[in-house]
Amino acid sequence: AKALMDRYLILKAKDLLANTGRYVKEIAYELGFGSDNAFIGFFKYHEGLSPSEFRENLYKIHMNNH
């Protein structure tokens, strides 16, 4: 059950990072993390990069496609 929940949180986090301008801190609290650091650690553990790095990569890909 935990793995499924983690998967859901990662998908939701990626969606919010990609499609909203919300701060990482706001996303962390929206997803139920006690702090932005807890969320950043969780995201890094699962994705191998921080939420802001993930967002930067998205913009780079987006810019390169235009």
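Leaving aside its neighbours within four places in sequence, which residues is L17 in contact with? Before I get to that, a word on what we're looking at: this is a predicted model, where local features need pLDDT of at least 70, side-chain atom pairs count only at pLDDT 80 or more, and totals for chains, interfaces and linings use all residues. Residues are numbered from 1 along each chain as its sequence is written, and side-chain values use heavy atoms, with hydrogens and water left out.

Okay, L17. With those sequence neighbours set aside, L17 touches V24, I27, F43, P51, F54 and R55, where contact means heavy atoms within 4.5 Å.

L17 also turns up in the largest nonpolar core, which has 15 residues. By nonpolar core I mean buried Ala, Val, Leu, Ile, Met, Phe, Trp, Tyr and Cys residues joined through side-chain atoms within 4.5 Å. Buried is under 20% relative accessible area, exposed is over 50%, and partly exposed is in between, using a 1.4 Å probe and protein chains only. The residues with the most contacts inside this core are L17, I27, L31, F33, F39 and F43. Helix 1, helix 2 (24-30) and helix 3 (36-47) each put in at least two residues, and helix 1 gives the largest share, five. Helices here are DSSP runs of H or I, at least four residues, numbered from the N terminus.

Now, how do helix 1 and helix 3 meet? They pack at about 105 degrees, axes 11 Å apart, with axes fitted to C-alpha atoms over the stretch in contact and angles running from 0 to 180 degrees between N-to-C directions. So they're roughly perpendicular, a label that covers 65 to 115 degrees. Helix 1 brings D6, L9, I10, A13, K14 and L17 to the contact, and helix 3 brings F39, F42, F43, H46 and E47.

On to the rings. The whole structure has four aromatic pairs, meaning Phe, Tyr or Trp rings (six-membered ring for Trp) with centres within 6.5 Å; planes under 30 degrees apart are stacked, over 60 edge-to-face, the rest tilted. F33 and F39 sit 5.3 Å apart, centre to centre, with planes at 55 degrees, so that pair is tilted. F33 with F42 is tilted too, at 5.1 Å and 50 degrees. F33 is buried at 14% relative accessible area, F39 is buried at 0%, and F42 is buried at 13%. Finally, F33, F39, F42, F43 and F54 form one aromatic cluster.

Key. Parallel < 35°, antiparallel > 145°, perpendicular 65-115°, else oblique.
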